[in-house]
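Trainee: I am new to this structure. Please take me through one part of it closely, starting with a salt bridge and the elements around it.

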Amino acid sequence: MEVVVRKSEVNGEVKAPPSKSYTHRALFAGALSRRARIYSPLISDDTLATAFSCKKSGSIFLRKGDAAIVGGLRKFGGYYNCMNSGTTLRILISLAAALGDHSILDGDESLRNRPNKELCEAVKKLGAEVIGGEEFKAPLKIRGRIKAGEVEISGKSSQFVTSLLFALPLVGDSVVRVRDLKSKPYVDVTLHVLEESNVKVEVEGNEYHVYDSEYKLREFQVPPDFSSISYLIAAGVVGGKVSIKNVVDSRQGDKVIVDLVREMGGRVEWRNDEIVAEKSELEGIEFDASNNPDLVPTIAVLAAVAKGKTRIYNAEHLRLKETDRITTICENLRRLGVDVKCGEGEIVVEGKGFREFKGVVDSFGDHRIAMAFSVLGLLGEVRILKAECVSVSYPKFFQDLKKLGADVNAG
């Protein structure tokens, strides 16, 4: 599907979409419990991959109003299609090794290109057998079971750490030592859900002490998704005025988007449960992406509208996402006539202030690329290829953009 966003003014209010990260974790924790009610879960392609994987393993999965009821997961086994969801795949790697005998984990073409080497090697050290392609890319075969113990792992993907923290409580007291942890706030989200689930984890520096625990999640309210909110804030500061409702605080690191846009000169107010973003002249900034890689596409497109240089650094882990996001961001900015330079873990954008952007961008099937670059269409005309990929994390994105007054047409 192609979507064209043309020059238009946005003005209105929308409800903040639920958090994808929290929904994944709450569904897994609820499934591992006897019975749990998850309120306001995000229903998207990615989270359905998690829900279907849990259901295949014996968990109930019922929709009741604005809640999902899950629980009673018994054991893993057989073939699992994780579709495009890296979170589903990574958490399943350890869980299948803790509660399964023989599982095959697979996904779409994009997921099959994502490396899992460090996680799979850690699982092997704990006693299970993992067979996969180069860099342990999917499809993966998991045989045998892990045992409690001590293991060290690279933290270049926070999902690797999350995976072990979900599985090790099921097998006994263990220690996970993490080197060079990136995206730490996502591990904080994991710890939040585990706390609510009666799972005990103590953190001492770079060590996570995991204790033998029984999952006992009963209820969980999924908070809004600040990664998704970032595109709505960007639409407001670029194209008019946007009010985002039902924005409650949580442990998500991406809530820093409010401070980052303010640092750029954007008028953004967060009061009580509402964020209001208004059209503003922006200035370039320096942005350390270590802990907030999912905000990089948003900051990059705002940098194109800002005056002066924006430098995004410590972003090496963006190359391990649904796409190599450093490459895809830079390629699409150039397609729209933006002066940009890219390094191994760096993006430098020379912005020239508000101007007209016209051209065709390719999402490469990456939901965050599609949503971020849609914002620039408000200042000209941008055609987004493979725009259907927004269903991964924010299925109603284009509907919400249109509701705000944007000229959005699907082709």
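Mentor: The side chains of glutamate 316 and lysine 182 meet in a salt bridge, 3.7 Å from N to O. This pair links distant parts of the chain, 134 residues apart. Glutamate 316 sits in the loop between strand E19 (307-313) and helix H10 (325-335). Lysine 182 sits in the loop between strand E11 (174-179) and H6. Glutamate 316 is partly exposed, because its relative accessible area is 34%. Keep in mind that this is a predicted model.

Now follow the chain into H6. This helix covers residues 184-196, 13 residues in total. From its first C-alpha to its last it reaches 19 Å, close to the 18 Å expected at 1.5 Å a residue. Its buried residues are Pro185, Tyr186, Val187, Val189, Thr190, Leu191, His192, Val193 and Leu194. What do the buried residues of H6 pack against? Three helices are H1 (20-32), H5 (158-167) and H7. Three strands are E12 (201-204), E13 (207-210) and E14 (219-221). After H6 comes asparagine 198, with a positive phi near 75°.

Next, the cores. In soluble globular proteins, nonpolar side chains tend to be buried together. Here the largest nonpolar core has 74 residues. Those with the most contacts inside it are Ile233, Ile244, Ile275, Phe287, Leu333 and Ile347. Helix H7 (residues 226-239) gives the most to this core, with 9 residues. A second, separate core has 65 residues, including Phe28, Leu32, Leu140 and Val161. Back in the largest core, look at leucine 333. Beyond four places in sequence, leucine 333 touches Ala300, Ala304, Val338, Val340, Val349 and Phe373.

Return to the salt bridges. The structure holds 31 of them. In one, the side chains of glutamate 286 and arginine 311 meet at 2.9 Å, N to O. Glutamate 286 lies in strand E18 and arginine 311 in strand E19, so the pair ties together parts 25 residues apart in sequence. Glutamate 286 counts as partly exposed, at 43% relative accessibility. Arginine 311 also counts as partly exposed, at 27%. Elsewhere, salt bridges that share partners join Asp294, Lys321, Glu322, Arg325, Asp366 and Arg368 into one network.

One more pair: the side chains of lysine 245 and glutamate 13 meet at 3.9 Å, N to O, in a salt bridge. Lysine 245 is in strand E15 (residues 240-245) and glutamate 13 in strand E2 (residues 10-15), so the pair ties together parts 232 residues apart in sequence.

Note on methods: Residues are numbered from 1 along each chain as its sequence is written. This is a predicted model: local features need pLDDT of at least 70, side-chain atom pairs count only at pLDDT 80 or more; totals for chains, interfaces and linings use all residues. Side-chain values use heavy atoms; hydrogens and water are left out. A nonpolar core is a set of buried Ala, Val, Leu, Ile, Met, Phe, Trp, Tyr and Cys residues joined through side-chain atoms within 4.5 Å. Buried means under 20% relative accessible area, exposed over 50%, partly exposed in between (1.4 Å probe, protein chains only). Helices (H or I, at least four residues) and strands (E, at least two) are DSSP runs, numbered from the N terminus. Contact means heavy atoms within 4.5 Å. The expected span of a helix is 1.5 Å times one less than its number of residues. A salt bridge is a side-chain nitrogen of Lys or Arg within 4 Å of a carboxyl oxygen of Asp or Glu.
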